[in-house]
Each structure stands twice: as C-alpha cells, then as structure tokens.
Amino acid sequence: MELIPVFHLGSKPLPQGATTTTMIDFSQNYFALFGLAPRYRLDAGQLDAAYRKLQSEVHPDRHAAAAEAERRLALQSSARVNEAYRALKNPVDRAQYLLGLNGIEAMSETDTALRPEFLERQLERREAVSDAAASGDRRELDALLAKVRAEISDLEHVLESELDREHALDSARTTVRELKFLSKLVADIESAIAELES
Amino acid sequence: MALLQIAEPGEALPEKKQRLAVGIDLGTTNSLVATVRNSMPVVLPDEEGRPLLPSIVRFGVQEIDVGYGAEAVQARDPHNTIVSVKRLMGRGLADLSDDRRFPYRFIDAPGMVQIQTRVGVRTPVEVSAEILKALRLRAERSLGAPLDGAVVTVPAYFDDAQRQATKDAARLAGLNVLRLLNEPTAAAIAYGLDNGSEGIYAVYDLGGGTFDISILKLSRGVFEVLATAGDTALGGDDFDHRIYCWIVEESGVGPVSPGDTRLLMVKAREAKENLTVHPSAPIDATLSSGEAISLSLTADTFAAITRTLVGKTLGPVKKALRDAKLEASQIKGVVMVGGATRMPQIQKAVADFFGQPPLNNLNPDQVVSLGAAIQANVLVGNRSEDEDWLLLDVIPLSLGLETMGGLTEKIIPRNATIPIARAQEFTTFKDGQSAMAIHVVQGERERVADCRSLARFELRGIPPMVAGAARIQVTFQVDADGLLSVSAREQMTGIEASIAVKPSYGLSDTDISRMLEESYVHASDDMEARALAETQVEAERIVAATSGALAADAELLTLDERTAIESALSEVRRLASGRDRRALHAAVEALNRSTEEFAARRMDRSVSKALTGRRVDALN
C-alpha cells in the first residue's frame, strides 16, 4: 500500500470534551471563560490575573495526587485554559477568534485573497528581507523589522475601531488577514536575524 | 509482642505520616538527591557525608559500581566505565559525530546508541537507571522507608526523545516519577521561594554537558516560563575537552590510548577547577607509555581556547530573549546554575551581556535538586497552607508533522505553555487514498530532514473518496512533563489511530517490561534483605521480653504452658540467625500467640499490685 504523508487542510479548534464533571465549563467561549466581555480591546492585566487564577485551580500539579480521571480532566482543562489565553493574548489571534464567534472564518483556505496593493508592497518587502539576509545586512534587517512592527501597530488600531466601534466585520476580516501576513513576515525577519547571530 | 510491652499512657503518638518524595538532579557529571525536611529542602548525602554522586557507572565482572568507586578506576577500565551518559540519552550514533572522544564501543541501534560492555550490551537508559537506583537507595536508607515518588530534572532544551528516555530510566530504577521538571525552572523555584523575588529573571544553567537559558516571570507565587533555549550538547565537559586538546598539542605526545585519554581528561578537569581560584594551573601526568607531561595552563590561555564555547552560550540567550519579546536590560536578575558557571570567563561574559553581576548566592551544584525536592513535596501531597505557588512551564521545541514535499507543518510552536492540545485538519492527496502516513517531528526547521523524527504511525481504512474529500483531524497533546501523544481521526467514518510518542530507540515495550521485571526482582531482593533485618530485630526484642517475663513471673504458668512458651522461644532463637524471613516471622507470631495468656495474667498481677499498694498507702 502506498503511504502518503499528510496533506494540509487547515486548522480547527479542538472538539470540546464530553465530560460531566468539569473544572471549567468547556462550552463557554474564551472570553466568558476568563470573565471578560467579548471585545477586541481588553485589559491585559485583567486577562493575566484571570488566567493565573484559573490555572491555579485546574493545573495538573494541583491534582497530581488525585485519581486518574481527575488528573485527565485537569490536563484537558489546563490545556484549554492555555489555549484560550494564547488566543486572547495575541491581538491578531484575538480578532480572528472574535470574528469566528460572529460566524466569520478569517483564514479560510478557499478564500485567500488580499488587496493587490497590499500584496505588492509586501512582496517587495519580502524581497528586501531576503536580500538583506543573503548579504548579512543586520542593520537593514533591524530597520525592516521596525517598519513592519510599526505597520502592525497601525493596523491594530484600525482593527479596534472596525471591531469594537463600527462592527465592520468584513473589513475587519481583511485587516486580520493582512496582520497575519505581517506576523509571518516578522517571524521570518526574526529568524533571519537569529541565523546571522548563530 | 504488644501485650508484653505495656504502653505508657501519654506516650507520643506517631506524627501524621508525611509522604516521602525526593527531587533528583540527574546530571552529566554529578547527580544529587534532595528532599524537604521540616519545610526546608535539603540534599541527602551518602554515608560518608558527600552530597554529590559522580554520574559514572562501572560494569565490573561481579558487580556494578556507581559514583566515586567507578570514578577512581575509570582510567584503568575505560571501556566498561561509562561517564557523561546523559549526552547519549535519546541520541543515535549519527547525532554523536562530535562526540568521538568517548572511548566506548558503541553499537548503532535505531534511535539510540548502545554500548558494548564486559557484561553485555547496555543502553544509555539502563546506565542512567543505575545512577538513579543508587540515588533511590541512598534516599531510602536516609529516610528509612520506600519512596512515594520523585521529581526528576531534565535540561529545559531536552527534546521528546531525551525526556522519554529519562522517564524510562527512572521507571527502570524503580522510581514513581511524579514529574519531569526542567532544570532551570527547578533552580528558579528554589531561588524565587528562597528570596521572595518578583519580576523577570533569567536562569543561566551551564552543566557538565548541557546548556539551558530560561526567562521566567515571577509574580505573586506564579513561576511563569516565558521562553527557553539552549544546547543539549554544550557544557563543562567541552571546556575540559578543549584543555585536553591543548595538553595533547602542547606536549606533542603521539596517539593517546583510551586509558590515557581518561587520565588527561581528569587532569584537564582538575586544571579547569583550579583556574576558578588561581591565575594558573599545573598539569602533570605520566602516560601508560612512561612519557611524562608537565605543563602550566594560565587563566588567559584557558579563556582564549574556550572563547568560542562561551560565545556559543550567548546565541541561545539572545534567542530566548527575542522569543520572550524582551531586551537584556529588562531582566531583573540572572541566576547562575551548574558547576560550570564557576568559570571566571562565564561569569564575565554573562555580566557583560546583561549589564549586571549575575546572582551566585545559591550553590550552583545543588540548587536544581533543591527546587526539584520542593516540587516533589508539593506533588506528592505534602503541600502546606502557606505554600501557594504554581509553575507554568513551556515546551522548548516546536512539534509538527511531515506534509507533502518533505516539509514540516508546525502544530505546536516552541515556548507554548504546557499542558497543551492542538488539532489540525488534513486531507487525502490522491483519489481513493486509503491510508495516511503520519510522521511526527520536533524542531524549528522547514525541512523534515533537518528536524528530529519522533514517531511514525498510520491511519488506515480510510474509505475510498476523491482527493481532498476526507477530513482527518490530527491532535497533538503535550502533558505537564512535556511529553507528546498524537492521535488521528477521520471525521466522517470515525476511524482512529493514536500513538503515545515513544521514540524508537531500540527498546521495545517488551524490552522495557522485561527490564522492569528484572529490576523488580532486584528491588525485591533489596526489600527482602531489609524485611529480614527488621524481622530479626523484632525476634530479638520478643526473645528478650519473653525471657525476662519468664524469669520474673514463671509461677503464673502451668508446667504445660511454660513448656509451650519455651519451645516457641527456642524455635525463634533457632531461626533468628538464618535467612528465612517467612519462617522466622511465623515463629515470632507463634511465640506471640503462646504468650498472650501469660501477658494477660502479668497485666492483672501488676494492676492488682498497684491497687494493693495504693490501698495500703491510703490506709496509712
């Protein structure tokens, strides 16, 4: 039989645990889990505090001496709390999750379109990054990184008004896609810098 | 027995039983075991008061020697005396290309190398298990009872194969593993709880063979690891090796035999330690050929020949800071861990990089084991009211799958907080594809060939569909030990396949259970010896008590009763010097039964004596 490696299709949230006794309510959305309003703008301190409080209740270390079933539940609960925290902490992921709650799939595989002028600018930038990486130009890489980060920061402000004030979900979807693209670019520039340092 | 000993009223009751747990630092060069006693973590020394156990195992003709005894003979018996075995854990021969300096007779085996010794082929897991077993026995002797559990530390940068190998070694050694704990995190717990620290700290951990850097946020009892990076093949050993190369070069000696290599490595290490406090170190040795070496290594030369090694630690430091999105100036303190951080050039490099003197106020050899002991104490259920702290650790390397074209699809990114579960959907690539190969890898590189292969499994029985129609959800779950399990499920038919990622290091599950059984046989030997000793002590006590009672109150017994007791007594005496614990135990029980009535009568007599006495007193 011919064995073929996996073919990527796209990511999906985990199915929810079908458990009767729960440490956390698996049917709650991530905002509700932390007792937060479902908004893009959030108080990072409040999120951090709620996260720590939940983890100190459900973390496997708190149930290490318990029976197998409780330990498994602690593992699942703690994993979900970690996933929820990660999804809300990062602004782009938070926006994507918020759109998902509104039934909008921001990163669907069937529609990957970006605005042509955005795409064009980013393709140029990618080229600049690979040129700088190839010639070992650390200063140029740092400058590009700063530029991309500034652009991310601007787009996050746009996103806040689209999501929290105008409820312009379709344009928010575009902004999320652009931000995702830029995050990937930041990661690539960072790994090019890491490559130079090693 | 109880009836012959009349308990004094008000005698102290035994305290509420503390469960016995230890923290074990299984190091490249030295290992330690620690426990929490009276709320204080303490290292448990050996019978001669030495806290360290050299991580050296010698397979002798008759017996296995671990620690100082093995260290003393390593130059004489290099092929059978295994040092730095931690560097071999979860590693294949191909991974060790820069480690040719080991004089062992390696055998290439899938996943992990094996070593040919005079007693047969041994895996690094089995060698490590000998070290862990020696520590377990040390702890049990010291604490007086079998352990309930242990936390074993691993370098933060250990991958899944290395972690799994460590856990297997601990199981082989008869330990109940409560948790695998990252070494720098263990150090942070010991340091943070000791100093009541708040803020962002870096832990710079340069051990004998591994290097870790972890960035942690300490706040209100939560130890949150923000990022970790490192090199699992960089440590004090490498500095020794540079000195060794320098000795060989400077002295111009010819090819060096394995025994002489060991001798010179020991001299190199002594010189390195010497240079921590002195500006230069003499190196004198006589090789097996009779050739004499006499050199002097200055601190400046030492710094010069190890500059690249020191520099190699700074790459991961920068990477960890970048992953944590922090600058060096935002670090409040740098905690130094591992004996190799004593080297002045390391202290200087760290101080220069972070712009502050590093923190050296904890013993760098012991701090990891102390932190592990604190965690073990909590996990085993001895948490006290005021110990309200929580540890949130991360996974050091990204986990992913091989996709079409030999590329890696990351499912869980590095530095994700554990435990974590992530699912991703995949589909079939060809019409009618009925099986899917799932290849789990760990690492940061794009190409699968550049990552570490962890496991392969197959999802079979996918019903015929056109390409792209099947929905296969692959779920990765990493537990609090940092160990991965993967499952795959076809969404429409519900066909499932899953695997607890067991690296294929040549030990099958059957091998593991066989070795476990053997170790239980040995463990039960140990336990049997202890039980026999305990029964003998008990026999001695009952013999003495019964003889004393007979001498004092024999008139309370009929002749038959007295004969019965005396015959039971002589049976215990006869068996007490033998090795048959069960027979001795039965004889002790028989003696106990035969004296029950006697004991009751003696009790009555002593009570009426007391009453009589009191009455007389009262009348007076």
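The buried residues of helix 4 of chain B in this predicted model are B:Glu183, B:Pro184, B:Thr185, B:Ala186, B:Ala187, B:Ala188, B:Ile189, B:Ala190, B:Tyr191 and B:Gly192, where buried denotes 20 or more other C-beta atoms, placed from the backbone, within 10 Å of a residue's own. Because 10 of its 13 residues are buried, helix 4 of chain B is largely enclosed by the rest of the structure. Helices (H or I, at least four residues) and strands (E, at least two) are DSSP runs, numbered from the N terminus.

Chain B also contains an open, antiparallel sheet of 3 strands in the order 8-9-10. Its edge strands, each pairing on one side only, are strand 8 (105-107) and strand 10 (120-122). Strand 8 pairs with strand 9 (residues 114-117) over 3 bridges, pairing requiring at least two DSSP bridges. B:Phe106 stands opposite B:Ile115 of strand 9.

Between the chains, 29 residues of chain A are in contact with 42 residues of chain B, contact meaning C-beta atoms, placed from the backbone, within 7 Å.

Residues are numbered from 1 along each chain as its sequence is written, and chains are lettered from A and ligands numbered from 1 in the order in which they are written. Local features need pLDDT of at least 70 and side-chain atom pairs count only at pLDDT 80 or more, whereas totals for chains, interfaces and linings use all residues.

Definitions and conventions: A residue is buried if 20 or more other C-beta atoms lie within 10 Å of its own, exposed if 12 or fewer, and partly exposed in between; C-beta atoms are placed from the backbone. Two residues are in contact if their C-beta atoms, placed from the backbone, lie within 7 Å.
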